[in-house]
Amino acid sequence: MKNFLLKLKSSMKTTRFILLMACVGGVSLLNINSVRSDTVRLTSKQSVIGDVKQMTPDSVTLIRGNSETPVTTDKITAISFTDEPSKLSQAREAVVTGRFEDAITALAELDTSGLSGYLAADAAFYRAAAAAELALRGRSPVNEAGSKLADFVKTYPENYHYYQANRLIGDLLVAAGQPGSAVAYYETIGKAPWPEYQADSKIGMASALLADGKTAEAQALLGQVATPDALTPLQKAQIELLKAQSLINENQPDEAVGLIEAMLKTTSPEEIDLNAQAYNLLGRAHRQANRLQDALLAYLHVDLLYPGNAGAHAEALSNLAQLWTAEHKPERAQLALETLKQRYQYSRWNK
Amino acid sequence: MVRNRKTQAEMIPSFSDLRKNSGSIEGPTGARSIVRIRWTLVLLVLLSAGFTSKSQAEEQWQPFLESLRTAGYHDMAIFYLDRMAARPDCPPQLLEVLDYERGITLLSQPVSTREEQLEKLTKTTELFERFRKDHPDHPNATKAQTQLANVLIERGRLLVTDADAPGVTPEQRDKGIAEARQFYDDAKKVFQEQDVRLTEELKNWPEPKTAMEIEQRDALRADFLQTRLSLATADYEIGMTYPATAPERKTLLESAAKQYKDLYDKYGSFLAGLYARMWEGRCYQKLENFNLATDAFESIMMQADDSQAFRTLKNKSTALLIETLIDPKVKRYQDAINFYADWEKGRPPSDASTPEGLEIRYLSALASLELARSLEADNKDRKKLLIDARGSLRFVMRFPGETRTRARQTMADPLLAVDEGQRQEPQDFAEALELGRAALDKIEIAQIRQQMGQEALSQEELQKITDEAEQEAFGYFEQAIQLAQPETPVEEVNQARYYLAYLSFKQGDLYRAVVFSDFLARRFPNSAVGRPASKIAMAAFAAMMSQPGITPEQKDFAERRMSQAAAYIVAVWPNSSEATEARKILVHSALRQEDIPQAIAMVEQIPPDAPGRGPLQLLVGRALYAEYVRQMTKQSAESPDETNKNEPEAETPSQASPLNAEELLDQAKSLLVSGLKLSIEEGKIDRSFLAGELTLARIYLNEGSDAAAFNLVEHPDTGLLALAQSSDSTIVEGDLDIEAYKTSLRALVAVRELEKASRVMELLENRVAQTAGTSGGTQLMQIYVSLAQELQQTLEMLQKSGKTEEANQVRAGFEQFLDRVSSSSESTSFNVMQWIAATYNGLGHSFDTKGGSVLSPEAKGYYEKSAAVYEKIIKQYGDDESFAPSVEAIDTIEIHLAICLRELGRYNEALKHLFNVLQYRNTMVDAQMEAASTYQAWAGNEGKAHLYLNAMLGGASRTRKSDGAKANVFWGWGALSKRLARDKQHRDLFHDARYNLALCRYKYAISDACKERQKNLEAAQLDIKVVARLYPEMGGAEMKAKYEALSKKIEQALKK
């Protein structure tokens, strides 16, 4: 489960949407150099302008004239700072629009020697975040990105990106096959004052524990998650998937299939990440029950319909290669392996 | 948010979106190329997908299905449709169009052979017709009609291909072409009718106001566009049936090109319009206006859109462009190679194995080959071009389909064989592996050359080529292993190991085959070669077992390792076809090791639909029944050897089974029933089936389920009677048919089908007469005796299990039948009469109160009937000696009659008949034993203790001719036991005689007739002691217990 990754992606995509809308309206937010105050872009598509006076993982306070405006970080998409270097602006926009290679190129050209305070922190975060996103897509090494993020949370524990950075570290550790180490990072998110983050924290921890084979501990954590009414639809669906994963861990594939199929019935087919993860789990359950053809169909859903989730796609391709082999289709197995190697060179599934 | 991420499903456009995207469009097919405008569906699929309403909760079947087809996973698409159809929550929209979608999937599936294509078209026609019949008002009904017309086009195309095949006479060709044109014309008529209708509908279509109305209008437009494309393609196809120089061809191709151009001009911003442009180019290509053709193809390749749908179109155009460039009239081979190189550089991995990708690769091979041909032999580029061509062709040959066939044929080009005759020294692993593969290709190439008439090789020559190629390949693969480096991909090293395993096996080097294959199977079970290697390992061990001159130790080793290999396959790939084969081996192994639970477990693990499960169930079922019989026999001291002596042989466990007799029987029955059913479904009617059916019928008869037994007998195709009369040697072997007749006879009598029973008797007699010749009479007599014994055994079983009613019914049935046979004029034959007598005797036995001295009235009645028939036989023999097959047969009758008379208490008469036999055949042991038994029974039952002396010492003395001395005709137990002691084979009989000797001595001793009680008792005791000293096992546990019991009695008597 990459629920925190989903979260980050969600916020990034929303931002991308805002940017596009702004462009359509003739006001280019890309022209950052013209901004004379710090600008906090909100998830509600609004902006708050002022000078950032104070920053903690939970809130950012802006001052404009004599008035101070606190903004909780869960509502923030990004902050643009007065007179920031254009390369930093470009890198930030590249990250929020999912152009991670561009972000890394821009940051490579950024002279950080003169940066300090919030600007230095932002540069460090986006450099690490872009690397992490590429690593999660199997396009760069995980360790390098993880080190950068770890440095960031250590150096800037009061930065508004703090929770996001912790999420990404957790996701990277899971992707690297070290879910046990991810638990602590996901747990950090639970220190945020918002119920949604707290639920996310438990979901992330449970996900890592399940991946680590600690099914009972994961189930206990899931039991502590807020009542269903307090959860977002996404979180509810994620919990269902975790339950299914828990059943698979307990070698109850048929029950897991029932749960996943029920979950899929209530999930929009456009939810790429959820669907991709659900079909992969479905594939795992069918494999466990030795229904290889059904497993093939499940993984093919990811390969053909939901390849947009890189991690899930790599997992599906790896499984498809094995299943095609088992089904005496070596040419298809070879194809899946080639795709896996070419697209997800650094993925742990490409081993 | 996440929900903003769009799926491919959502991206599939409606008609008005076609400008931008997406889905896949197939085109009309040409004679021999990927762009052979396969004119089917595509647009229809594309558009119908666009109209799918997207429920949040619904399975995205349409985009998934389309994706599967586009990726070439047609088999999975069919599996997916089957799975969805079986689900209770299958979307109703999908349920409605299942046949349509199956038809679309099949029609777009590539096939390799003409037969497959023909089968595909037949099946597709059925599907579309059924869809139209079941859903006449469905929006896809029109599309289905279009698809049916497309099938006509495909059929026409097939005929055109046939007409161009080698060896077709001009007359045959003309006929085929004429038929093809007829198909095309029929299809064109359908398209024309649709065009008229759709034009009219569109003209009258009101301006749409709602989204639904817009969708409906778009669907109509899509149909219209597709129809126009189809019309153009029909002209193209008809044009292509004429010779290149024919004016008709030129006219029709120009007409098609114009129609395509019109569509492109009007709809050029749509994907469908671009397809029209490609097909326009195709017409120019065929008109040999190559510049216009390449312009058309290149204009499509320059399209910026790189979505899947556009990539497919661009790939098709690339293939057409290369095909045009390598045309013998164009000969721009280097340009073709350059276009291929550009394509190769920019393609995603998934494009490599699509039909278009394979075609491009194949055409690139042709380009390299032809360019190489145009160069001088010493040109340095020539070798590289030929290597490229071989590499591309080998790649294409990895994938099934029509392109593979052409690649194989091209591989047979003599130019590609240049340099291949000399052994090359590989420099690295990859080169060695490739050279090994190339060596193996020589075999296939030789076969293709042979098929294509390029070479006329004798079978020996072909074999020589094969042997040499395999030898050469073996050397290269061995070198490859040596050249492998740590960074060499392990999958490729394993490929080399697998080849070595396979070639070793083929060459009979079984130990080497086992080393490679077992290593791969166990160390790399998840690799592509793991499972096939396990199969080689198993086969190699099996081959070892049947090698001539194998020692018992070697055989034991091979068998053990084969079982281990099989167990490994079952554990690692439990659902594979190899596991099914492995389980069969394990079942046999378990039966040999007398491990019944393991045999059952293995057979139960075989999937119900796996081939071979049925026969295996029959085998295990029979083994279980044999074990049941063994247990029952053990429990009963009666008739220990007769219970299953006619059972068809099965691998019979003799160790104690953990199942009790009842469980064994239930399990055996269940396996036999299921095994027969599965075997019938599999069409596996053979000896194993007949044996299984026979066993089950006997079980039914023994438990009184006569009707069930009758059903097994009577089935017209697979019943015992039908199979017994089969001339198929795979069904009837040995005397299995005789056993089938016997059991059929019993079943028919049991259900009172007496006419049929009589007929079966005739069949049985004919069968024996045909095969046994002069010994037929004796054999038939034995058959009838065994039949009577089986009946007796059944009656005893029924009575033992408390089924008195069933037992009575069986008796009544037989009595009725026997009476009927006796009274018929045909009943006078010796064998029938002796069977009647034996059966009456058996019936009497079933009423006999064992151990009691008084016969029940029923038993007495049957014995009397039996004796009467025996006496009649003897009398008829006295009247006419030819009545019996031999004098020995009459002796046997006399003995049986004596036994019968003894049961009736007519001891004197019994001895008289035994005398008749023994006076001439004094050494006939069974008659001697019956005589002693008769004296003993007479003494015991009528209180004539002095007769115990006859039982012990014999009687009926007479003067021996040889020396004039007196000698007893009847030996008595004493003389009998002495003679039997010499013969190990009759040890059981010896113990019977010896025991009875002691018993008679004891009984005589304690009787009033005895004057020397002590002496006789001590003699009796000594009889037993001598046995114990000479034969410590004392004839086994059962006999020993009898000796010991008697010994105790004697001891007690001695104490008195």
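1. What is the order of the strands in the open sheet of chain A, and with what pairing? In this predicted model, the open sheet has five strands in the order S4-S3-S2-S1-S5, with antiparallel pairing; strands, like helices, are DSSP runs numbered from the N terminus (H or I and at least four residues for helices, E and at least two for strands), and two strands pair if DSSP finds at least two bridges between them. At the edges are strand S4 (67-72) and strand S5 (76-80) of chain A, each of which pairs on one side only. From one strand to the next the twist averages 45°, where axes are lines fitted to C-alpha atoms, for helices over the stretch in contact, and angles run from 0 to 180 degrees between N-to-C directions.

2. Within this sheet, strand S2 (residues 47-55) and strand S3 (residues 59-64) of chain A are joined in the antiparallel sense by four bridges. A:Met55 has A:Val60 in S3(A) as its bridge partner. Helix H4 (residues 117-136) of chain A packs on the sheet and touches S2 and S5 of chain A, its direction making about 105° with that of S2(A); contact here means heavy atoms within 4.5 Å.

3. Taken as a whole, chain A has 15 helices and five strands. Of its 351 residues, 57% count as buried, that is, under 20% relative accessible area, with exposed over 50% and partly exposed in between (1.4 Å probe, protein chains only). Among the contacts in chain A with a separation of 6 or more, 59% come from residues 24 or more positions apart.

4. On the cysteines, the structure holds zero disulfides over all chains, a disulfide being a pair of cysteine sulfur atoms within 2.5 Å. In chain B, B:Cys90 is buried at a relative accessible area of 6%, and B:Cys900 is buried at 0%.

5. Confidence deserves a careful look, since chain B has a mean pLDDT (the predictor's confidence in each residue, from 0 to 100) of 82, with 89% of its residues at 70 or more. Over residues 1-56 of chain B the pLDDT is below 50, although this stretch has 200 contacts in the model beyond near neighbours in sequence. Where pLDDT is low, the predicted coordinates should not be read in detail. For the complex, the predictor gives an ipTM of 0.73 and a pTM of 0.51.

6. On conventions, residues are numbered from 1 along each chain as its sequence is written, and chains are lettered from A and ligands numbered from 1 in the order in which they are written. Local features need pLDDT of at least 70 and side-chain atom pairs count only at pLDDT 80 or more, while totals for chains, interfaces and linings use all residues, and side-chain values use heavy atoms, with hydrogens and water left out.
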